[in-house]
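The sequence and coordinates come first, and the text follows them.

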Amino acid sequence: MTYPFIPIFLIAIFAAVLVYFSFIKKDLKKIKTILYPGLFFIGIWAVMYYFLFK
């Protein structure tokens with residue numbers, strides 16, 4: 001029953017990618033292209049889990 005933990009790991013990877021591109025690469029254009037789809041993905045998962053575990 002590890003399915004609920006998959007989005008948590010994906011959010012951690014998303015945060016790591018944002019940190020990598022913001023502090024190591026310092027590429028702000030890449031952050032803008034990654035940020036909105038990533039937040040959309042997190043929002044969809046949050047809505048799904050809200051209705052699933054309600």
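## Aromatic pairs

Y20 counts as partly exposed, because its relative accessibility is 36%; the classes are buried under 20% relative accessible area, exposed over 50% and partly exposed in between, with a 1.4 Å probe and protein chains only. F21, at 16% relative accessibility, counts as buried. The model is predicted, so local features need pLDDT of at least 70 and side-chain atom pairs count only at pLDDT 80 or more, while totals for chains, interfaces and linings use all residues. Residues are numbered from 1 along each chain as its sequence is written, and side-chain values use heavy atoms, with hydrogens and water left out.

The structure holds four aromatic pairs. Rings of Phe, Tyr and Trp (for Trp, the six-membered ring) pair if their centres lie within 6.5 Å; planes under 30 degrees apart count as stacked, over 60 as edge-to-face and the rest as tilted. The ring centres of Y20 and F21 are 5.3 Å apart and the planes stand at 70°, so this pair is edge-to-face. Y50 and F51 also form an edge-to-face pair, because their centres are 5.2 Å apart and their planes are at 70°. Both Y50 and F51 are exposed. Elsewhere, ring pairs join F41, W45 and Y49 into a cluster.

## Overall form

The protein has two helices and zero strands; helices (H or I, at least four residues) and strands (E, at least two) are DSSP runs, numbered from the N terminus. Its radius of gyration is 13 Å, whereas a compact globule of 54 residues would have one near 10 Å. That radius is taken over C-alpha atoms, and the globule rule is 2.2 Å times the number of residues to the power 0.38. Along the principal axes, the C-alpha atoms fill a box of roughly 40 × 20 × 10 Å.

Of the 54 residues, 13% count as buried. The accessible surface comes to about 4,800 Å², and 78% of this belongs to carbon and sulfur atoms. Areas come from the Shrake-Rupley method with a 1.4 Å probe; for residues, only the protein chains shown count as cover.

## Helix α1

Helix α1 covers residues 6-24, and its 19 residues should span 27 Å at 1.5 Å a residue; the end C-alpha atoms are 26 Å apart, which agrees. The expected span is 1.5 Å times one less than the number of residues.

The buried residues of α1 are P7, F14, L18 and F21. Seen down the helix axis, they fall within an arc of 70°, so they line one face of α1; the arc is that of the directions from the axis to the C-beta atoms. These buried residues pack against α2 (28-52), where contact means heavy atoms within 4.5 Å. On the face turned away from the buried side, α1 carries the exposed residues I8, F9, I13, F23 and I24. Just after α1, K26 takes a positive phi of about 55°.

## Helix α2

The 25 residues of α2 should span 36 Å at 1.5 Å a residue, and the end C-alpha atoms are 36 Å apart, which agrees. Its buried residues are I31, G38 and Y49, and what covers them includes α1.

L39 has its place in helix α2. With a relative accessible area of 44%, L39 is partly exposed. L39 and F9 are 30 residues apart in sequence and 14 Å apart in space, C-alpha to C-alpha.
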